[in-house]
Amino acid sequence: MKKQSLSIHEGYEKDNQKTMAPPIYLSTAYEFDSTQHAADLFALKQLGNIYTRLMNPTNAVFEKRLASLEGGTACISTSSGMAAIFGTIINLCEAGDNIIVSSGIYGGTTTLTDHTIKRLGITTKKFDLTKVDSLEKLIDDKTKIILFESLSNPTTVVPDIQTIVNIADKAGVITVVDNTVATPILCNPIKLGCDIVVHSTSKYINGQGTALGGAIIDSKNCAKKLKNNDKYKHFSEPDMSYHGLVYNDLPFPAFATRMVLAILRDIGITASPMNSWLMTNSLETLYLRIKQHSDNALCVAKFLTKCQDVKVVNYPGLENDKNHKFAKKYFCGEYFSGLLSFDVGSLEKAKTIVDNIKLFSIVVNIGDSKSIITHPASTTHQQLSSDELNKAGISEGLIRLSIGLEHIDDLIDALKKVIK
Ligand SMILES: *Cc1c(COP(=O)(O)O)cnc(C)c1O
């Protein structure tokens, strides 16, 4: 089936009540038929529900649907996008390991990888997303992850995914792609050879800014890379916390299985079923919304290029944008998302625009049906030093827009009043 149909039907099988919308199962735990039944479930001799920290039928509908949209083998929903990224890192790394992270990515991912995991003994090396050849020499025996965004927030860089995949495959290192901004409608990193996809579902997937969530999607590529690979021995050796289970020997996707049995079990970064239900419903309109967000954003980008105040407009949908080539190559169609940024040259000018614009709300979110304006240097990226800001490609005059679903005439009118 095509994406439009998958996003409406996949993953939901009606029960006796025949409800058209998937039910919300608000239950912390599930009853066992007998001690033997319970023992079989815990031993994975039989699959079934145990406790919501590990699995929930409402979450499962969303997970199956998103896995199918990404072309993955399994999906684990999490409490937030940051939870998905942290969970992925600790599913693969231990103290002494390092990960390679692209520059210019989401602020929370930057602080997590530069500071928080460092305290756990996992260090981070940076690579320039626009010069992916530099990646190869950064990889060593202890490198466990190459992490990047398919369309980076807020710099809207689309990397040369194929070259990254080639380098990672040669070294046997797992690629983790944050596909939040592109969404599975625009880009399917797994189909391009990447191993793990992570999402903040709080953004475009939710679409209305009503719930926080995240997701991790496993793939056949990842299963292959985990097998017979000294880097990820803990997938081939008995897990003593799970009576000697060997993940690579199971008939299930190894990465996702360990994610549930070890990481969700011990860390509890599980999605709320209420939120998963909202996300499932939101997926039904994702395709249409992305199309409209993209059409609106392209019009806004074209308008901004004609403004005197504007030094530069970053939007991969513009033909002369430096990211247009790879967006054309790696994205699924002629849409390029609702995210764009532009530089007005100075902090003062940026502040005046952000403080005076109508219709756009000053909010640190993206992917909402309502248009949003952000000044990254003073908000999402405030915790970065000026050196880190430079490296991330974020200048003081940079303004980020998340273009919503309002009528384009009203959006342009609002911009015209504050930008010459
Ligand atoms: C928002 C965002 C995150 C973090 O997600 P939360 O759901 O807010 O925790 C991670 N990556 C990207 C690209 C984001 O935009």
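Okay, let's start with what I'm calling a salt bridge: a side-chain nitrogen of Lys or Arg within 4 Å of a carboxyl oxygen of Asp or Glu. By that rule, the count here comes to 11 salt bridges.

Quick housekeeping before I go on. This is a predicted model, so to speak of local features I need pLDDT of at least 70, and side-chain atom pairs count only at pLDDT 80 or more, while totals for chains, interfaces and linings use all residues. Residues are numbered from 1 along each chain as its sequence is written, and side-chain values use heavy atoms, with hydrogens and water left out.

Side chains of opposite charge can pair when their charged atoms come close. One of the pairs is aspartate 169 with lysine 225, at 2.7 Å from N to O. Aspartate 169 sits in helix 6 (residues 161-171) and lysine 225 in helix 8 (residues 220-226), so this pair ties together parts that are 56 residues apart in sequence. When I say helix or strand, I mean DSSP runs numbered from the N terminus: H or I and at least four residues for helices, E and at least two for strands.

Now, is lysine 225 buried or exposed? It's buried, with a relative accessible area of 9%. Buried here means under 20% relative accessible area, exposed means over 50%, and partly exposed is in between, using a 1.4 Å probe and protein chains only. Aspartate 169, at 40% relative accessibility, counts as partly exposed.

Lysine 225 has another partner too: aspartate 195, with the closest N and O atoms 2.8 Å apart. Aspartate 195 is in the loop between helix 7 (183-186) and strand 6 (196-200), and lysine 225 is in helix 8, so that pair ties together parts that are 30 residues apart in sequence. Both lysine 225 and aspartate 195 are buried.

Isoleucine 190 is buried, at 7% relative accessible area, and its C-alpha is 9.6 Å from that of threonine 175, 15 residues away along the chain.

One more salt bridge for you: aspartate 368 and lysine 370, whose side chains meet at 3.0 Å, N to O. Aspartate 368 is buried, with a relative accessible area of 7%, whereas lysine 370 counts as partly exposed at 43%.

On to helix packing. What angle do helix 11 and helix 15 pack at? About 30 degrees, with the axes 10 Å apart; helix 11 covers residues 286-305 and helix 15 covers residues 408-418. The axes are lines fitted to C-alpha atoms over the stretch in contact, and angles run from 0 to 180 degrees between N-to-C directions. That makes helix 11 roughly parallel to helix 15; the cut-offs are under 35 degrees for roughly parallel, over 145 for roughly antiparallel, 65 to 115 for roughly perpendicular, and oblique for the rest.

Aspartate 413 is 54 residues along the chain from leucine 359, and their C-alpha atoms are separated by 9.5 Å. Leucine 359 is in the loop between helix 13 (347-356) and strand 10 (361-362), and at 41% relative accessibility it counts as partly exposed.

That's my tour, so over to you.
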